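This report describes how the parts of one protein model are arranged. Look over the sequence and the structure below before reading on.

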Amino acid sequence: MGQQRQQILAYCALVGGFDLLSSAYNFYYVKVFLNRYHIEESWFQLSQILFMVWNAVNDPLFAYCSDNKNFAMLKTRRSMILYAAPFFSLSFLIPWFQWSTNPVIVGIHLIIALCLWDTLFTFVGLAACCLFTEISKDTHIRITITRTAQMAALCGSFSVMILEHTSSGLQNFHAFQITTVLIALVSWYLMYYCGKHCHTHYDLEQMQHENKSADDVCHQKSEDESYWKQTWQIVSDTNFLAFVTTNFCQEFHRTFIYNFVAIFCDQLISSEEISQSTRSTLYGILPFASKVKRCLKSI
């Protein structure tokens with residue numbers, strides 16, 4: 001029972017840390033590059049197209065890599081999260097520190113920031129999804145994990161509220177940068193805790209039956225065919241193409257609504273209508289409200 005509690009706590013730490021980063025990143029990167037860095041329209045459009053294409057393609061490709069290659073960092077779901085956590089936190093920080101005022105550099109900055117972020121987001125996110133299914137085969141334990149993880153996600157969604165109030169709605173950008181660094185450190189520690197303590201039932205079985213330590217556990221994966229041959233089989237498959245197309249449309253819809261809501265509200269509701277603190281509270285509630293619906297469904 002104590003082992004199960006630690007597994008659940010570690011998984012919830014992962015979910016909380018993951019949502020701390022994702023909520024803030026998705027809410028702010030458009031506003032920062034448009035209103036703060038004044039990125040040119042052509043570069044912004046190009047970066048968004050490349051981001052959506054890469055986002056649609058990398059999900060199934062990363063799923064294949066994680067299940068079919070015996071790299072050291074891919075040997076377990078736990079090790080994937082442990083090794084990727086610091087890079088995921090660093091990718092979160094890239095957009096908030098301007099490289100240059102040159103329009104070309106600003107455009108390249110956004111492209112690199114989005115592609116790197118989505119790469120680590122997918123890598124850690126896939127590991128988290130797989131970790132959930134492998135922690136336990138017991139349905140009741142999985143239900144408990146789902147409920148507690150939703151509560152952790154609610155806590156993680158408050159990163160937007162924190163950033164809004166500490167930076168006065170990006171008016172104090174230096175305070176915003178400092179807060180993002182603190183959020184990245186907290187998120188990294190939470191994911192690090194998960195990577196150290198969230199053993200799946202496969203890990204525990206190997207540790208018990210073969211007298212292995214946690215660092216010695218390794219899942220066997222297939223390497224019968226070359227990476228490039230299997231990759232071509234995947235990208236040429238009609239099911240893969242259908243999945244990519246659907247994922248592209250879904251990502252387009254989600255990104256447009258979530259990333260531009262603050263810009264729309266700033267334009268439609270003037271600062272004379274509501275105070276900055278009220279506006280910040282409203283923006284902070286939006287990610288929280290989207291998580292409440294999922295949480296209620298799980299309960």
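## Helix 6 and helix 7

The crossing of helix 6 and helix 7 is right-handed, a crossing being left-handed if the near helix is turned anticlockwise from the far one by less than a right angle, and right-handed if clockwise. This is a predicted model, in which local features need pLDDT of at least 70, side-chain atom pairs count only at pLDDT 80 or more, and totals for chains, interfaces and linings use all residues. Residues are numbered from 1 along each chain as its sequence is written, and side-chain values use heavy atoms, with hydrogens and water left out.

Helices (H or I, at least four residues) and strands (E, at least two) are DSSP runs, numbered from the N terminus. The axes of helix 6 and helix 7 come within 8 Å and cross at roughly 150°. Helix 6 is therefore roughly antiparallel to helix 7. Axes are lines fitted to C-alpha atoms, for helices over the stretch in contact, and angles run from 0 to 180 degrees between N-to-C directions. Angles under 35 degrees count as roughly parallel, over 145 as roughly antiparallel, 65 to 115 as roughly perpendicular and the rest as oblique.

Which residues make the contact (heavy atoms within 4.5 Å) between these helices? On the side of helix 6 they are Ser 159, Ile 162, Leu 163, Thr 166 and Ser 167, and on the side of helix 7 they are Ala 175, Phe 176, Thr 179, Thr 180 and Ile 183. By class, the contact of helix 6 with helix 7 has five nonpolar, five polar and no charged residues. Ala, Val, Leu, Ile, Met, Phe, Trp, Tyr, Cys and Pro count as nonpolar, Asp, Glu, Lys and Arg as charged, and the others, Gly among them, as polar.

Helix 7 has 25 residues and reaches 36 Å from its first C-alpha to its last. That is close to the 36 Å expected at 1.5 Å a residue, where the expected span is 1.5 Å times one less than the number of residues. Buried means under 20% relative accessible area, exposed over 50%, and partly exposed in between (1.4 Å probe, protein chains only). The buried residues of helix 7 include Phe 173, Ala 175, Phe 176, Ile 183, Met 191 and Cys 194.

Ser 168 lies in the loop between helix 6 (159-167) and helix 7 (173-197), and Leu 170 is placed in the loop between helix 6 and helix 7. Phi of Ser 168 is near 55°, a positive value in a residue other than glycine. Leu 170 is not a glycine, yet has a positive phi of about 75°. Is each of these residues buried or exposed, or in between? Ser 168 is partly exposed, with a relative accessible area of 32%, and Leu 170 is buried, at 13%.

| Helix pair | Axes come within | Crossing angle |
|---|---|---|
| helix 3 (residues 77-93) and helix 4 | 9 Å | roughly 150° |
| helix 4 (residues 103-135) and helix 5 (residues 139-156) | 9 Å | roughly 145° |

Helix 3 and helix 4 are therefore roughly antiparallel to each other, and helix 3 passes helix 4 in a left-handed crossing. Among the residues that meet are Met 80, Ile 81 and Phe 88 in helix 3 and Leu 116, Trp 117 and Glu 134 in helix 4. The residues of this contact divide into 16 nonpolar, one polar and two charged.

Phe 132, Thr 133 and Ile 135 in helix 4 meet Arg 142, Ile 145 and Thr 146 in helix 5. This contact has three nonpolar, two polar and one charged residues. Ile 145 is also one of the buried residues of helix 5.

## Helix 1 and the whole chain

Gln 7 is in helix 1 (residues 2-36) and is buried, with a relative accessible area of 4%. Gln 7 and Cys 194 are 187 residues apart in sequence and 8.1 Å apart in space, C-alpha to C-alpha. Val 30 is found in helix 1 and counts as buried at 0% relative accessibility.

The protein chain has 11 helices and zero strands. Buried residues make up 48% of its 299 residues. Among contacts between residues at least 6 apart in sequence, 83% join residues at least 24 apart.

Technical notes. Contact means heavy atoms within 4.5 Å.
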